[in-house]
Amino acid sequence: MVQNIPEKHKGRLITMLETIIPLRRLTLAMFITAISTVAGCAQPSEKPKTTAQQYEFAPTPSWQDEFNTPGKPDPAKWSYDLGDHGWGNNELENYTEKIENAKVENGNLVITAIKEPSGKQQYSSARLVSKGKADFTYGKFEIRAKLPKGRGTWPAIWMLASGNSYGNKGWPDNGEIDIMEHVGFDQDRLHGNIHTKAFNHAIKTNKGNNVIVKGLSEDFHVYTCEWTPETVKILVDGNAYFTFQKEATYQWPEWPFDKPFHLILNVAVGGNWGGQKGVDDSIFPQKMEVDYVRVYPLVTK
């Protein structure tokens, strides 16, 4: 088309074209850049991170025993495990329901181990259980107690499953939580443990820890378990010294702690652990005193 334009206008037209074409190219480049920017902004945003479940415990107990009524332990709250068969640990006591072995006096529950012929054994004691009267799934368990003293004593504050949901229908498959264990031959050491099919002392895989605490038999201390769907934490006087965490791969052999459990309070004599260094008969009678037992329910946030 240029050849039909008068000669005198050709130069001016060529100059205009040379100016317009680069502008169009520049405009196109800007347009592409703008589209790219908008497209980038339109990319889907990151998914919001899920917030970890938070657990707390109610400020007031849902179940408790303050041991304020003298006499035998409250039958609405406690039953007795009875027997002299060694309890799977070659223990040397006979557990009875006699008031001499378990009574409430001066605002405390007193469980007393006595050196005397009892059943097939030479010692008597008591083992109180809340099974069927107070069973719990999760919660904060707080027990203030003073422990017996001397070689051969084996007091415990602990929990067992109230049902038989898993595996062998008994121990260790259905779980055990030891809030407090103590052996008299190692006076200042306190133990907290859990036992399951996968983790137990019989196969030397149990999970637990111990801590040195002075005055276990001279002063009252507060023994605590905080149990949630994800952790079992053991504390003494508000200080945590063992935490068992549920891992993503755990099934019931590792974590049977999703069913009701009940409380147990007892003083054993001798046995596979408590009697490792023998029993000093000169120390008896020996007693565990319990000021209170309080259970605070789990609150999910």
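**Aromatic pairs, core and a buried glutamate**

Both Y138 and W227 are buried, where buried means under 20% relative accessible area, exposed over 50% and partly exposed in between, with a 1.4 Å probe and protein chains only. This is a predicted model: local features need pLDDT of at least 70, side-chain atom pairs count only at pLDDT 80 or more, and totals for chains, interfaces and linings use all residues. Residues are numbered from 1 along each chain as its sequence is written, and side-chain values use heavy atoms, with hydrogens and water left out.

On confidence, the protein averages a pLDDT of 89, and 83% of the residues score at least 70; pLDDT is the predictor's confidence in each residue, from 0 to 100. Over residues 16-42 the pLDDT is below 50, and this stretch has one contact in the model beyond near neighbours in sequence. Contact here means heavy atoms within 4.5 Å.

Next, the rings. The whole structure holds 18 aromatic pairs. Rings of Phe, Tyr and Trp (its six-membered ring) pair if their centres lie within 6.5 Å; planes under 30 degrees apart are stacked, over 60 edge-to-face, and the rest tilted. Y138 and W227 have ring centres 5.3 Å apart and planes at 70°, so the pair is edge-to-face. Y138 is in the loop between β9 (135-136) and β10 (139-146) and W227 is in strand β15 (residues 221-227), so the pair ties together parts 89 residues apart in sequence. Strands are DSSP runs of E, at least two residues, and helices are runs of H or I, at least four, numbered from the N terminus.

W227 also belongs to the core. The largest nonpolar core has 52 residues, and W227 is among those with the most contacts inside it, as are F141 and I179. Such a core is a set of buried Ala, Val, Leu, Ile, Met, Phe, Trp, Tyr and Cys residues joined through side-chain atoms within 4.5 Å. Its largest share, five residues, comes from strand β18 (residues 261-269). Not counting residues up to four places away in sequence, I179 touches residues including F141, Y223 and L263.

Leaving aside neighbours within four places in sequence, its contacts include Y223, Y292, R294 and Y296.

Last, P285, in the loop between α2 (271-274) and β19 (286-296). P285 is exposed, at 54% relative accessible area, yet touches T112, A113 and I114, not counting residues up to four places away in sequence.
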